[in-house]
Amino acid sequence: MEDQVTRILKQWAAERPDLDVSPMAVVGRLSRTARKIDAVLAATFARHDVDSASFDVLATLRRSGKPFTLSPRELTESAMVTSAAIAQRLNRLEERHLVTRAPDAKDGRGKQVTLTPAGLDLVNRALPDHVETEHALLAGLSEKERGQLAELLAKVEQAATEARP
């Protein structure tokens, strides 16, 4: 089956046979696949009245274990986004009463973010649906293929991390 990426590769081969454009086969498909996955996951999250960024914060707090509390810095490190992005997410979640922010008892200058009972309930309801969606997205792969793909993507991610901007 010829897809858009295959057509693009053929066009480049005809127009610039001097260039090895084979990386486009992987990078193009990764990019296209990521957009499609994001759309499917967004639909899952929407059923729970949450977006992926907010779910990420709620899930990070949930998987941290009781008392489901982390500092904004810990959330930033976990999400691999800027502190400004985490602050915006926390503002939205706090407005919805899904998290609270309180002074850090150990360091009064810092803050601690904690899941509220409503936030815990939301993430507990959304998580099984989210995991089911991810299973459906990978249904065409065997367990072995999933493991291989995860390992290969980890290598690509590492290379992207080390690549110069």
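This is a predicted model: local features need pLDDT of at least 70, side-chain atom pairs count only at pLDDT 80 or more; totals for chains, interfaces and linings use all residues.
Contact here means heavy atoms within 4.5 Å, and angles between axes run from 0 to 180 degrees between N-to-C directions.

Strands of a sheet pair through backbone hydrogen bonds, either parallel or antiparallel. In this model the pairing is antiparallel, and three strands make up an open sheet whose order is 1-3-2. Strand 1 (69-70) and strand 2 (99-103) sit at the edges with a single partner strand each, so one side of each has no neighbour in the sheet. Between strand 2 and strand 3 (residues 111-115), the antiparallel pairing runs over five bridges. Val 99, for its part, stands opposite Leu 115 of strand 3.

Now for the helices at the start of the chain. Two packed helices are described by the angle between their axes and the distance between the axes. For helix 1 (residues 4-15) and helix 2, the axes come within 10 Å and cross at roughly 145°, and the crossing is right-handed. On the helix 1 side, the contact is made by Gln 4, Val 5, Thr 6, Leu 9 and Trp 12. Helix 2 answers with Met 24, Ala 25, Gly 28, Arg 29 and Arg 32. Sorted by class, the residues of this contact come out as five nonpolar, three polar and two charged.

Helix 2 (23-46) turns up again at the largest pocket, along with helix 3 (52-63), helix 6 (117-137) and helix 7 (143-162); each of these supplies at least two residues of the lining. The pocket has a volume of about 1000 Å³. It is lined by 31 residues, and the closest to its centre are Thr 33, Ala 34, Ile 37, Leu 138 and Leu 153. Helix 2 gives the largest share of the lining, with 13 residues.

A cis peptide bond joins Pro 67 to Lys 66, with omega at about 10°.

Conventions
Residues are numbered from 1 along each chain as its sequence is written. Side-chain values use heavy atoms; hydrogens and water are left out. Two strands pair if DSSP finds at least two bridges between them. Helices (H or I, at least four residues) and strands (E, at least two) are DSSP runs, numbered from the N terminus. On a 1 Å grid over the protein atoms alone, a cavity is a set of points where a 1.4 Å probe fits but cannot get out, and a pocket is an open set with protein on both sides within 12 Å along at least five of seven lines; lining residues have an atom within 4 Å of a point. Grid points are joined across faces, edges and corners, and a volume is the space filled by probe spheres set on the points. A crossing is left-handed if the near helix is turned anticlockwise from the far one by less than a right angle, and right-handed if clockwise. Ala, Val, Leu, Ile, Met, Phe, Trp, Tyr, Cys and Pro count as nonpolar, Asp, Glu, Lys and Arg as charged, and the others, Gly among them, as polar.
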